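Here is a short report on a predicted model.

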Number of protein chains: 2
Amino acid sequence: MSVLKVLRSGEPVSRADLPARTGLSAGTITSTTAALVKRGLIVERKAAAVGRGRPRVYLELNGAGGTVVGARLSERRDLQVSFVNLAGVELHSTTMPIHLTGTLSGLAQRIASALQEAISLAPVGGIRQVSLSLPALVDSERGDVHFMMTYRSEPVPFAAIIAERILLPVTVENDSNLLSRAEHWFGRAQLYDDFTLISVDYAVTSARYSNGLPCSGSSGFTPELGHVKTSYGPSARPCYCGAAGCCSAYSSMGGLVLNPDEWAEATPSLLDLVDERMDRLIHAASQGEPRALQSLADAGEHLGRLVADHINGVDPGMVLLIAPDELYVRFARDQFEAALTANTIPELRRRTTIVFATRSPDWHWKGLAALALERVYLQSDRASLPAGAAFG
Amino acid sequence: MSVLKVLRSGEPVSRADLPARTGLSAGTITSTTAALVKRGLIVERKAAAVGRGRPRVYLELNGAGGTVVGARLSERRDLQVSFVNLAGVELHSTTMPIHLTGTLSGLAQRIASALQEAISLAPVGGIRQVSLSLPALVDSERGDVHFMMTYRSEPVPFAAIIAERILLPVTVENDSNLLSRAEHWFGRAQLYDDFTLISVDYAVTSARYSNGLPCSGSSGFTPELGHVKTSYGPSARPCYCGAAGCCSAYSSMGGLVLNPDEWAEATPSLLDLVDERMDRLIHAASQGEPRALQSLADAGEHLGRLVADHINGVDPGMVLLIAPDELYVRFARDQFEAALTANTIPELRRRTTIVFATRSPDWHWKGLAALALERVYLQSDRASLPAGAAFG
DNA sequence: CAATATATTTCAGAATATGAAAGAAAGTGC
DNA sequence: GCACTTTCTTTCATATTCTGAAATATATTG
């Protein structure tokens with residue numbers, strides 16, 4: 001593990017701790033931390049001396065090292081704009097409505113204008129980066145958007161369009177990758193270099209880290225575990241993606257309370273409808289209403305199947321399952337566990353850690369900050385190749 | 001790409017080609033190739049001069065650089081022992097029967113004895129490595145075998161038991177990892193740093209490379225795509241793994257012609273039975289017998305589902321499908337394609353290359369040679385860490 | 001205030017890269 | 001046959017990054 005990776009946990013860490021935690025020598029720690037301090041990425045924090053000996057100087061990520069603008073187009077079609085420092089602390093935020101009419105490149109233009117306005121009005125300076133998160137199929141390497149909600153078009157160079165307007169580096173990601181970054185940098189997946197995040201929300205989405213790096217999939221896409229099938233045959237539930245039997249069609253909130261024709265529309269009012277129906281469903285389940293209980297049990301069952309298949313086929317090491325508490329912990333935990341156990345090779349199951357969690361409200365700021373930290377670091381990358389690259 | 005990676009393709013390559021093919025400078029190529037020549041891993045081959053200018057000197061893997069012993073315990077319970085040079089050429093081979101009675105560690109002892117005998121009798125010297133491939137769930141990092149065919153026991157330190165006896169470095173792998181190495185070093189996956197191999201044989205097995213490295217799964221296991229479910233519910237076919245609805249239960253030869261009680265036994269005579277029944281099945285299908293055609297169509301359908309799920313969930317870049325020709329190309333290609341198309345997100349499908357191939361007869365020698373080349377290189381690894389590891 | 005303990009920096013040296021210039025080994029033209 | 005051209009390969013000065021031992025810094029303790 002390297003220096004920034006250790007520091008980002010937020011724990012107090014001194015230079016003296018770092019050799020053991022990174023595998024690097026003390027000398028290297030001195031020069032590395034000096035460079036990071038000089039670049040403004042980390043700062044020293046004096047601590048009261050404890051015990052004898054020279055007191056340790058704690059190091060931490062430097063919030064004041066720069067600001068990033070993170071914007072997220074929510075499923076409800078608000079553009080949530082946050083100004084976040086490099087320690088992942090939100091300094092300022094604002095929300096602006098975005099109309100989703102016209103073409104996808106028209107949308108990029110409107111988002112660019114909104115961002116321009118937000119930046120000019122914000123009481124914050126020193127902006128280094130803009131990160132944009134979209135509920136879309138995104139090629140984040142190129143900054144292209146392939147399709148999003150009801151839009152279906154040729155790939156649109158979203159990042160380029162916006163960067164041209166606001167003259168800052170722009171990164172485009174999708175929500176689940178952002179969430180996985182937040183968890184990997186600041187959250188429950190910090191200790192894991194290999195993990196898969198599965199997020200259950202209006203849909204089931206996923207993101208994976210392998211060898212400490214986000215797997216965008218080989219083509220720069222995010223793979224979508226939500227559209228792995230957990231049911232086949234004529235009775236399989238249709239999914240908004242066009243196929244049938246996708247896990248998303250059973251285990252997501254959209255799948256639970258919408259029929260596919262409704263789902264295809266995906267308007268903001270539809271999301272309100274989902275919330276409303278979910279409330280009713282949870283209420284009915286609390287009252288012991290059999291059909292509601294059955295729906296939720298099915299949702300757990302299908303999610304268990306999904307996780308089992310993923311464990312059998314990928315051996316992810318750790319699965320971080322982010323889902324509303326009522327959905328699984330309260331009403332479907334047993335079905336989830338049963339389906340998981342029934343469908344997993346026991347040897348692999350035993351070696352896999354499964355963590356249940358709910359979505360924290362600040363995940364998207366943190367994800368955006370993580371994205372920015374990665375970029376800010378990469379920009380000042382060194383020229384030489386890694387030693388040893390020539391052989392293997 | 002690095003020097004050995006380029007050379008292993010077998011194409012004639014000179015030092016002058018290497019800067020472009022590896023991204024390294026000419027100076028580095030000189031020193032790197034000198035080190036590899038000195039270590040005996042590669043040799044120069046003089047070529048007739050063509051055109052003007054100093055003639056290029058071709059480099060190639062040095063077959064004479066050492067011998068590795070590759071042993072494979074086949075499903076038929078033969079130990080196929082090959083002596084392979086570092087260029088992947090088989091020098092000598094022999095087959096010895098192994099009795100599969102008693103405990104797993106007893107089996108390790110018997111394999112050690114057989115290997116010892118084979119090595120002492122072989123007309124070949126300079127042995128550097130022993131690689132053992134087993135039809136088992138293997139933790140190749142530690143050299144442990146977790147379960148194999150009918151054996152079910154605590155993990156057994158197979159590699160250690162054998163190494164103690166024959167006093168050579170021993171590596172334990174399983175067949176599908178070996179096959180993927182053969183394809184990655186010498187075969188159809190050379191150009192791909194990211195690919196998934198799916199092998200259809202008595203069972204459906206798989207192996208994956210990501211970022212140019214074999215993914216043994218996070219726990220050192222090979223994930224088993226064969227036990228990803230392609231069917232659910234009461235009608236799902238039971239699988240020998242204990243679950244039901246596994247792709248292996250539909251698409252593998254074992255799944256096609258055995259019922260699960262038979263399958264659980266997995267004796268050599270059972271494999272003969274499988275071959276015999278497969279012949280009959282193929283024959284019947286050639287005659288247009290509806291039930292046979294339906295079975296094969298189902299096999300294609302389920303394999304299509306498996307590949308579709310894998311593409312949706314992992315985005316593997318390339319899928320190399322190794323299966324008997326009759327099985328898919330002749331009788332189930334359409335069903336495979338239909339299931340694939342119906343269940344894949346089109347954007348991801350478009351970006352995935354799918355290659356159909358049959359198993360070449362020399363795959364296991366080549367895989368063992370690849371394994372050995374990897375090890376021989378790693379043994380003479382340098383001490384320093386890769387530059388730049390300290391920051392990110 | 002010395003002794004001790006702990007934290008951090010300094011610095012010589014090893015490895016691995018680069019890139020420009022030199023050297024080597026052939027053909028070509030006269 | 002000999003100078004010239006072309007192409008391939010090596011040499012060498014330099015840069016970067018890391019190591020590890022020794023030196024230095026800054027506290028508490030007796």
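**A strand in chain A**

Start with E12(A). A:Phe195, A:Leu197 and A:Ser199 point one way from this strand. A:Thr196, A:Ile198 and A:Val200 point the other way. Residues on both sides are buried. The strand covers residues 195–200 of chain A, and 6 of its 6 residues are buried, so it is largely enclosed by the rest of the structure.

What does E12(A) pair with? One partner is strand E13 of chain A, residues 204–210. The two run antiparallel and are joined by 6 bridges. A hairpin of 3 residues links E12(A) to E13(A). Another partner is strand E15 of chain A, residues 318–322. Here the pairing is parallel, over 4 bridges.

| Strand pair | Sense | Bridges |
|---|---|---|
| E12(A) and E13(A) | antiparallel | 6 bridges |
| E12(A) and E15(A) | parallel | 4 bridges |
| E12(B) and E13(B) | antiparallel | 6 bridges |

**The sheet in chain B**

Now turn to chain B. An open sheet of 5 strands has the order E14-E13-E12-E15-E16. Its pairing is mixed. Which strands lie at the edges? They are E14 (213–215) and E16 (353–357) of chain B, and each pairs on one side only. Neighbouring strands of the sheet are turned by 20° against each other on average, direction ignored.

Within this chain, E12 spans residues 195–200 and E13 spans residues 204–210. B:Leu197 stands opposite B:Ala207 in E13(B).

A helix lies across these strands. Helix H6 of chain B, residues 175–186, lies across E12, E13, E14 and E15 of that chain. H6 runs at about 50° to E13(B).

**Two helices in chain B**

Two packed helices are described by the angle between their axes and the distance between the axes. Take helix H4 (residues 104–121) and helix H5 (residues 158–166) of chain B. Their axes come within 9 Å and cross at roughly 35°. H4(B) passes H5(B) in a right-handed crossing.

Which residues make the contact? From H4(B) come B:Ser105, B:Ala108, B:Gln109, B:Ile111, B:Ala112, B:Leu115, B:Gln116 and B:Ile119. H5(B) supplies B:Phe158, B:Ile161, B:Ile162, B:Arg165 and B:Ile166. By class, the contact has 9 nonpolar, 3 polar and 1 charged residues.

How values were computed: Residues numbered from 1 in each chain as written. Chains lettered and ligands numbered in written order. Predicted model: local features only at pLDDT ≥ 70, side-chain atom pairs only at ≥ 80, totals over all residues. Pairing = 2+ DSSP bridges. Axes fitted to C-alpha atoms, helices over the stretch in contact; angles between N-to-C directions. Contact = placed C-beta atoms within 7 Å. Buried ≥ 20, exposed ≤ 12 C-beta atoms within 10 Å, placed from the backbone. Left-handed = near helix turned anticlockwise from the far one by under 90°. Nonpolar A, V, L, I, M, F, W, Y, C, P; charged D, E, K, R; others polar.
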